[in-house]
Amino acid sequence: MKDLKIHYSLLPAFQTDDPVRDAILTGVKVTGITITLEDKIVAQYPIFITNDMHYDNLKLYLEEIANKLLPLVKEKLDNNEQFEVKDLMGVKESKCNGGCNNCGGCHPTPTLPIQGGSEA
């Protein structure tokens, strides 16, 4: 398999040399990680940017998440499967019909956090 590439934004946004800086400077509230294979997007994972988040801790957080996400994506691709964010949820299918009013019983929680910390 060819090498997977990691980009620290949700492509097509911020196709620059420093997408983390660009996300902070433009004031977006959501960025993330995009993993590509041969210039095709094979996985994306959102990250919320908190108001007190700075460049260094956002970049570090994105790197930490990418290091956790990359092996999961590789495993899916090695098995000729498509990666989906729900693969991180620990539940293959939900029987929720949406009428639970957030009861908390059937909705899975991500195994990777989607909000970064604010400590340096």
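Student: What should I know about the model before I start?

Tutor: It's predicted, so local features need pLDDT of at least 70 and side-chain atom pairs count only at pLDDT 80 or more, while totals for chains, interfaces and linings use all residues. Residues are numbered from 1 along each chain as its sequence is written, and side-chain values use heavy atoms, with hydrogens and water left out.

Student: What is the strand order in the sheet, and is the pairing parallel or antiparallel?

Tutor: Strands of a sheet pair through backbone hydrogen bonds, either parallel or antiparallel. Strands here are DSSP runs of E, at least two residues, numbered from the N terminus, and two of them pair if DSSP finds at least two bridges between them. In this case, the open sheet has 3 strands in the order β1-β2-β3, with antiparallel pairing. Its edge strands are β1 (5-7) and β3 (40-48), each pairing on one side only.

Student: How many bridges join β2 to β3?

Tutor: There are 8, and 3 join β1 to β2 (residues 30-37). His7 faces Thr34 in β2.

Student: Is Leu37 buried or exposed?

Tutor: Buried means under 20% relative accessible area, exposed over 50%, and partly exposed in between (1.4 Å probe, protein chains only). Leu37 sits in β2 and counts as buried because its relative accessibility is 17%. β2 is mostly covered, with 7 of its 8 residues buried.

Key. Helix = DSSP H or I, 4+ residues; strand = E, 2+ residues; numbered from the N terminus.
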